[in-house]
Amino acid sequence: MNRPTTRARVQAFGGFLTNMVLPNIGAFIAWGLLTALFIPTGWIPNEDLATIVDPAITYLLPLLLAITGGRMVGGQRGAVMGAIGAIGLIVGSDIPMFLGAMVIGPLGGLIIKKFDQAIENKVPAGFEMIVNNFSLGILGFLLMIVSFYFIGPVIESANNFVTSTIEALVATGLLPLLSLINEPAKVLFLNNVIDQGIYYPLGMQAAAETGKSIYFTVASNPGPGLGLLIAFTFFGKKAARRTAPGAMIIHFLGGIHELYFPYVLMKPLTIIGMILGGMTGIAVFSVFDAGLVAGPSPGSIFAYLGLTPKGSFLGIIAGVLASTVVTFIVTSLILKMEKNKDDDDEELTQSVEKSKAMKQQGKQLSNACSENTKKNEDINTVSFACDAGAGSSALGATTFRKKLKKKGIEGLEVKHYRIEDAPDHSDIIVVHKDLKDRAKHAHPNKEVITIENYINDPNLEELLDRLEEQRA
């Protein structure tokens, strides 16, 4: 049995959290803009409009999270269960229940899903509606009571513990140490667990009180990634130097941080530059008492500036620039110290040769088994998949469609998804190599192609050759 690794499990959990938050980012940004503009310390204080701020963060945002989480697990009935459970949390707590909503929503969806499975084909004809309505009402009622008296207080205590721990780091000036966790976690595709599970909820609580929060910046700063890619542009070897400028533009302006992950994985020592750059950025943000009004998603410089409140522009810009410079300097030194001048090209050449060998083996296997021949050649659907299904996979799918068009290959469906949401009719699923275990676990019977670079990867070129041969 193909069991998933611990990292794959954590990645899947982070992806689940992201898919709960991502559809509601617009509401979070709307609340952030409301706060930045109309609270007493905002750009244009307005006492009447400022009265919307507290109800929105107390009721609207947690309910949206709970509804989305419930729907992901149990469909529309799960969404209703999630909302019912969440209202018990909200009324029974003294803090915005973001963490609670992200627990109770999926839990409510799971409860109603399991109940529906248990009574499937057991309800007499004509009684379906009454059973559906009363089961949802009764189970929702019970969940609401349990949430009010038990789940809410437990989550509030856990939230207070995490908050006090991080506030202690802030008070002692050790908040930059979070980069020791953040940066390695990001390149292992575990960033969503940290951002969506910890920093976003804490940031929203802080922003509700002060109109901004540094927590929104500690893991999303685009500066370190920019510094890394600039260093590869100037001091990387041929392969890295060719692709780094394009990755730099998409990362910094488009906010897709996954673009720089392969460069760190290719040269693991460069994680030192990322950590030091991240620490520098957090330190500068702290010195200037800077923060954002909501979580930047995607983490581009445009999102950063758009969510910067009055009085924080200097600190935010300085923090991003400082982190960029530090990462650039450290990464440049690491790249210049390397003795082998052709490492990257050798690695690329080896990847191409390996792809050709795999292609030849596939041809030999197809000659030996006609059934497999038909399966391997009949490619109609290619699904690009990533952690959240909205960043690197979208970029990969768009780029691949353009390459297909240039080669005159038509009639192929190429779309992007979250790994677990890739459709069953997919002939091939394309993921980053560090997401392979998770993809194999979610789709054990599908061909999974792994890549290291979303802009120019030899495995994608190999796939293009296969498709050309198929349609020849």
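Is Lys433 buried, exposed or partly exposed?

Guide: Lys433 counts as partly exposed, at 37% relative accessibility. Here buried means under 20% relative accessible area, exposed means over 50%, and partly exposed lies in between, with a 1.4 Å probe and protein chains only. A word on the basis first. This is a predicted model: local features need pLDDT of at least 70, side-chain atom pairs count only at pLDDT 80 or more, and totals for chains, interfaces and linings use all residues. Residues are numbered from 1 along each chain as its sequence is written, and side-chain values use heavy atoms, with hydrogens and water left out.

Now the partner. The side chain of Lys433 forms a salt bridge with that of Glu452, at 3.7 Å from N to O. The two sit in distant parts of the chain, 19 residues apart. Lys433 lies in the loop between E3 and H18, and Glu452 in the loop between strand E4 (447-451) and helix H19 (458-470). Helices (H or I, at least four residues) and strands (E, at least two) are DSSP runs, numbered from the N terminus. Glu452 counts as partly exposed, at 34% relative accessibility. A salt bridge here is a side-chain nitrogen of Lys or Arg within 4 Å of a carboxyl oxygen of Asp or Glu. Side chains of opposite charge can pair when their charged atoms come close.

The structure holds 11 salt bridges. Shared partners join Asp387, Arg418, Glu420, Asp421 and Arg438 into one network. Take one link of it. Glu420 and Arg438 meet through their side chains at 2.9 Å, N to O. This pair also links distant parts of the chain, 18 residues apart. Glu420 is in the loop between strand E2 (413-418) and strand E3 (428-432), and Arg438 is in helix H18 (residues 436-442). Glu420 is partly exposed, at 29% relative accessibility. Arg438 is buried, with 2% relative accessible area.

Compare a pair inside a helix. Glu183 and Lys186 form a salt bridge at 3.8 Å, N to O. They are 3 residues apart in helix H7 (residues 179-187), so about one helical turn separates them. Glu183 is buried at 2% relative accessibility, and Lys186 is buried at 3%.

Back to the strands. Four of them form an open sheet in the order E2-E1-E3-E4, with parallel pairing. E2 and E4 are the edge strands, and each pairs on one side only. Neighbouring strands are turned by 25° against each other on average, direction ignored. Those angles use axes fitted as lines to C-alpha atoms, for helices over the stretch in contact, and run from 0 to 180 degrees between N-to-C directions. Strand E1 (residues 381-386) pairs with E3 in the parallel sense over 3 bridges. Two strands pair if DSSP finds at least two bridges between them. Ser383 has Ile429 in E3 as its bridge partner.
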